[in-house]
Amino acid sequence: MEITVPPNFNLSLLASTLLILIVIYKYILTPLFLSPLSRIPSAHPSCHIFPVWINYIRFFNIENGTLFRLHQQKGPILRIGPNELSINCYEGGIKTIFGGGYEKTSYYPRRFAAYNGTKNMFTTQETHPHSIRKRMLSNIYSKSHILTSPTIQTNTLSILHTRFLPLLHQSADTQMPLEVLTLSYAYAMDFFTAYQFGRKLSSNFLQDVDTRTWYLGHFFASRPYLYWITEQPQLAAFLGILGVNLVPRACKTSISALETWNILRCEEVERLLAQEEVFEAGDTPSVYSHLRRAFQKVDPENVVGREEEKQHPHDARKLDLASEMFDHQAAAIETAGITLAYVYYELSQRPDLQASLRAELLSLSPPLLYPHDLTNPISSPHPKSVDALPILDAILQETLRRWPVVAGGQRRVTPKMGTHTLAGYTGIPGGVKVQSSAGVLQMNPAVFPEPGSWRPERWMGGDEARLGEMKRWFWAWSSGGRMCIGRHFATLLMKHAIAAIYTNYTSSIIDAEGIEQGEGFSAGPKGNKVVLQFVHV
Ligand code: HEM
């Protein structure tokens, strides 16, 4: 049978119409009406179809504040892009996503890349390689190890008494106010690198102001350009080829400068280890040599063939070690620095609480009084007794709740297999980007009444059920398999700084303009400063 085509029939018109219909069906009708995500409240009507809105708020760096307001209005789950959700609740939220081991998105290796993309624990997206690396590191950061490490005990005493407290003492003596945000960055870095590399190779940012300023300048250099680095890396790279640098070359130079600073220390540790030097407790490069040994254990199978590498397994792992050390420094300096600045700011408004805290601190045996006889071997309280102080603990816990430094969305992706139920919405497919944030979770008034008020008392006493609920929603360290591995170290570092200060001084605010928390994945005071006056008690 012969098919007769109408004289005015146009094949190409038919094809174009079909194509348009398919595009409308796939990119408009499906995301808007048929996708399981279409039932979820959208942050903006366009979010169902285009990722323009989410890019807009990320470009203008207003994501945390905007999502916080929208969650208050629209509930715990929001569609923030055609394939992206923000979820802030416990059941069906962080319990499912983070407790269920959803993998990280590529945001992490983009934002936190080091040594030309040499993966470390934080930037590894996939579960299996992550858990291998985590097993290698867990013990050195476990609570039992942190609270009994001779390296930490020796260095705590030395850093507090020879570097930190003299600065406060001088400020109180001369009645010169201190800017405590930068001071806290310096303290956190010195304290952490002393554990990582040993005290001899640690930073000395508390005393060496020039190197501290140099380091912090490079550390924060890329912040204004993060949108291009994390959200539009291909576009930035393409325009870079054409000579348009959305991310100034200086940002790369800054990262290289810090990488060099770090790798020189790694090399120096290697040199000392090669000499089989016996380290004094304070000079033991605890974190570095722990990971180095862990690599050596697995390397005989991996590094076969090259004699040189078999003899010096660290050579093969040089960048792995450096990348891991680099990342832990970055994790420690900013997070602990900002948290401490907020602790001092809040306490400075509560002289009554400073007095109760001091009474508690004076019960330590011996208390952290300054000046102190450093030749006395039992001249500091045991870390376990500092850790166990209830008022100190509540002050830190409440600061981490009210001012969670990792305030931005922690991004994950739904597992490829099967469908998922999140915040009561069923049928969510694999491959959907999801994120949660401590800045939203910890401001839930149903769990934390008057969430904007800093009230350490909420963590003291009270009924068990209420405390249990608060702990479930407390998310400053994240949760699940990717929870902060440095939390016990950070807690010890921060508790000792607070204890040392408030045993010896009172504080009051001189200048806290811009204390409101800024934007970003990690966020400190917008004004970048907290100036306090310390007075001898
Ligand atoms: C106040 C201090 C700190 C806070 C609030 C904090 C918070 C966090 C949070 C929320 C995460 C999860 C982030 C995400 O998955 O998106 C994290 C992960 C991590 N933190 Fe911390 N952190 C602190 C201090 C430290 C310190 C001192 C170290 C030093 C070792 C550290 C090392 C890490 C590492 C390596 C990870 C990645 C863990 C993994 O992927 O399994 N953190 N931290």
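**Exercise 1.** How do helix 13 and helix 17 pack, and which residues make the contact?

*Solution.* Start with the geometry: helix 13 (residues 249–274) and helix 17 (residues 318–348) pack at about 120 degrees, and their axes are 10 Å apart. A quick word on terms: helices are DSSP runs of H or I with at least four residues, strands are E runs of at least two, and both are numbered from the N terminus. Axes are lines fitted to C-alpha atoms, for helices over the stretch in contact, and angles run from 0 to 180 degrees between N-to-C directions.

This is a predicted model, so local features need pLDDT of at least 70 and side-chain atom pairs count only at pLDDT 80 or more, while totals for chains, interfaces and linings use all residues. Residue numbers start from 1 along each chain as its sequence is written.

Next, name the arrangement: helix 13 and helix 17 are therefore oblique to each other. (Under 35 degrees counts as roughly parallel, over 145 as roughly antiparallel, 65 to 115 as roughly perpendicular, and the rest as oblique.)

Now the partners: Glu259, Asn262, Ile263 and Cys266 of helix 13 meet Leu321, Ala322, Met325, Phe326 and Gln329 of helix 17. Here, contact means that C-beta atoms, placed from the backbone, lie within 7 Å. Sort these residues and you get six nonpolar, two polar and one charged. (Ala, Val, Leu, Ile, Met, Phe, Trp, Tyr, Cys and Pro count as nonpolar, Asp, Glu, Lys and Arg as charged, and the others, Gly among them, as polar.)

**Exercise 2.** Describe how helix 23 packs against helix 17 and against helix 18.

*Solution.* Take helix 17 first: helix 17 and helix 23 pack at about 35 degrees, with axes 10 Å apart. On the helix 17 side, the contact uses Ala332, Thr335, Ala336, Thr339, Leu340 and Val343, and on the helix 23 side Ala490, Leu493, Met494, Ala497 and Ile498. That gives nine nonpolar, two polar and no charged residues.

Then go to helix 18: its axis comes within 9 Å of the helix 23 axis, and the two cross at roughly 105 degrees. That makes helix 18 roughly perpendicular to helix 23. Gln354, Leu357, Arg358 and Leu361 of helix 18 touch Ala499, Tyr502 and Thr503 of helix 23. By class, this contact has four nonpolar, two polar and one charged residues.

**Exercise 3.** Where do the cis peptide bonds lie, and what is the phi of Tyr115?

*Solution.* Go bond by bond. The Ser365 to Pro366 bond is cis, with omega near -10 degrees, and Pro366 sits in the loop between helix 18 (351–361) and helix 19 (383–387). The Tyr370 to Pro371 bond is cis too, with omega near -5 degrees, and Pro371 is also in the loop between helix 18 and helix 19. As for Tyr115, its phi is positive, about 50 degrees, although Tyr115 isn't a glycine. You'll find Tyr115 in the loop between helix 5 (107–111) and helix 6 (127–138).

Notes: Contact = placed C-beta atoms within 7 Å.
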